[in-house]
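Biologist: I'm new to this one. Could you walk me through how to read its features, one at a time?

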Amino acid sequence: MRQLRWFLLAGLALAALQQQVLLQRPPHLRKLESSTVTSGPAALSVEFSRPMERTSVAKDSQLKPALAHQWLGSGNLLRLLLNPGQTITAPLEVVLGGADQRGVALARQQFWWDPRPWLVVVSPGPQGDQLELLGRDGQWRLLSEAKGPITSVEPLGNGAGIAFSTSGGRTEETWLLELNQQATFQAKPQPLAVQGVKRLLDSPLTFSHFSSNRTGDLLIQWGAPGFARSFTTLIQANGQRRRLDLDASGTAQLLPGGGALIAPEADGLVLSNLPGHPPRRQFLPGSRDLSSVCPTGGRALLTRRWPDYRQSVELLEPGQPPKQLWIGSDAVMGTACERSGDRIWLLLTNWDQATNSQTPRVLVLDRSGVVQNQRELKGWELEMRSGFALDPTRDVLLLALRNPKEPFGRAAELQASTLELKIIPKPIKQAFWLPAQ
């Protein structure tokens, strides 16, 4: 009994000593996660091993160049948010310091952070189309080759891959290019690594359409030979697959925040939750399409079609009816918005029957629909399959333009404020941003 008591006391003493050692252990960094979809140019989520004193972290941390920023959050999850109105032209040096809520200091951590998205294009190759990425050094890098045309492309919202489909005549095949990248690094940037290409759906398809959200979920709408209806498959970021019972009259889109999708039906748009979330169904009547979703505030831009063939752009805000921002005879080819709709860009085109040509133009609106700036892109036509998207880290808009005298287009960056145009001299068919994560 005396030996048993001695062993028990010794065990308790050892446990108490270990607890004291753990309590006095300084906090350390557990996880970093970069995001460009915020109310500012970019944000960095930081997870610590212990609850931190936010004011201490804000005081003892540094950012080089010294961009204006703020620290948000509480406990062991804090968020470094860059203030609006700034641009990022090179990797940022971050030095983390501060103390936890016990007053124990964090060993200073130094690393680099580059939240800028990558420019990826579909370009013509010797055997078929190919996916290429523009590196930070200005050099193009081949990511994947196809044996035929690449018909549609969708980067995963978490930057972990690119979904694309290839055409083999009357049928299509769907693929996922898996990528490994890091927006934060210790000494020098780690090159974006291609992990491989895998088939997404086994059977040949008659068509396919992709959509993704920031969590990396992928929605595929597809049709197969011999079937009169379409099907919808949700591939979650963890690899799980679900067949959705979706009766849509057009292309459905996952909402960026995750957990929901919006799809057109015969008489309007339907917002519904994905499986695993509380059931929800909200209906908005009218001949409308979701054009783009604003980064914050739950706001979105809708394109509405009218019986007289005009189109309009509407701002949809939570709990409010859609507010018309613009209406006209031009075709709305794309929209983009900053933060909660503080600035809004419209990509329009008008067909001139006299010259048998189109003239794209870009409008900059405020959230009331007042035109702040505009520019006609004379001498260019739009590559119809390419999108229109904002890079908030550099405050530039991406689109694809084509000289009518040339067979292929060019990627173009448009400064969001001045609408100054920069043409990237490479023949392409499509261009898009790949998020840096």
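Modeller: Let's start with a charge over a ring, which here means that NZ of Lys or CZ of Arg is within 6 Å of the ring centre and within 35 degrees of the ring normal. K426 lies over the face of W140, at 5.2 Å from the ring centre. R304 does likewise with W306, at 4.3 Å from the ring centre.

Biologist: Before we go on, what should I know about the model and the numbering?

Modeller: This is a predicted model, where local features need pLDDT of at least 70 and side-chain atom pairs count only at pLDDT 80 or more, while totals for chains, interfaces and linings use all residues. Residues are numbered from 1 along each chain as its sequence is written, and side-chain values use heavy atoms, with hydrogens and water left out.

Biologist: Back to rings, then. How many aromatic pairs does the structure hold?

Modeller: A pair of aromatic rings is described by the distance of the centres and the angle of the planes. Rings of Phe, Tyr and Trp (its six-membered ring) pair if their centres lie within 6.5 Å; planes under 30 degrees apart count as stacked, over 60 as edge-to-face and the rest as tilted. The structure has two such pairs. For F227 and F231, the centres are 5.3 Å apart and the planes stand at 80°, so this pair is edge-to-face. Ring pairs also bring in W222, giving a cluster of W222, F227 and F231.

Biologist: Are F227 and F231 buried or exposed?

Modeller: The words go by relative accessible area: buried is under 20%, exposed over 50%, partly exposed in between (1.4 Å probe, protein chains only). F227 is exposed at 52%, whereas F231 is buried at 12%. Another buried residue is Q236, at 19%. Q236 sits in the loop between β18 (231–235) and β19 (241–244). Leaving out residues up to four places away in sequence, Q236 touches D217 and R242, where contact means heavy atoms within 4.5 Å.

Biologist: And how do I read the strands?

Modeller: Strands (E, at least two residues) are DSSP runs, numbered from the N terminus, and two of them pair if DSSP finds at least two bridges between them. Take β16 (residues 207–212) and β17 (residues 218–223): they run antiparallel, joined by six bridges. H209 has Q221 as its bridge partner in β17. The two strands form a hairpin with five residues between them, and G216 in the turn has a positive phi of about 95°.

Biologist: Which strands form the open sheet, and in what order?

Modeller: The order is β24-β25-β26-β27, with antiparallel pairing. β24 (288–293) and β27 (323–328) are at the edges with a single partner strand each, so one side of each has no neighbour in the sheet. Inside that sheet, six bridges join β25 (residues 300–305) to β26 (residues 311–316), and T303 stands opposite V313 in β26.

Methods: Helix = DSSP H or I, 4+ residues; strand = E, 2+ residues; numbered from the N terminus.
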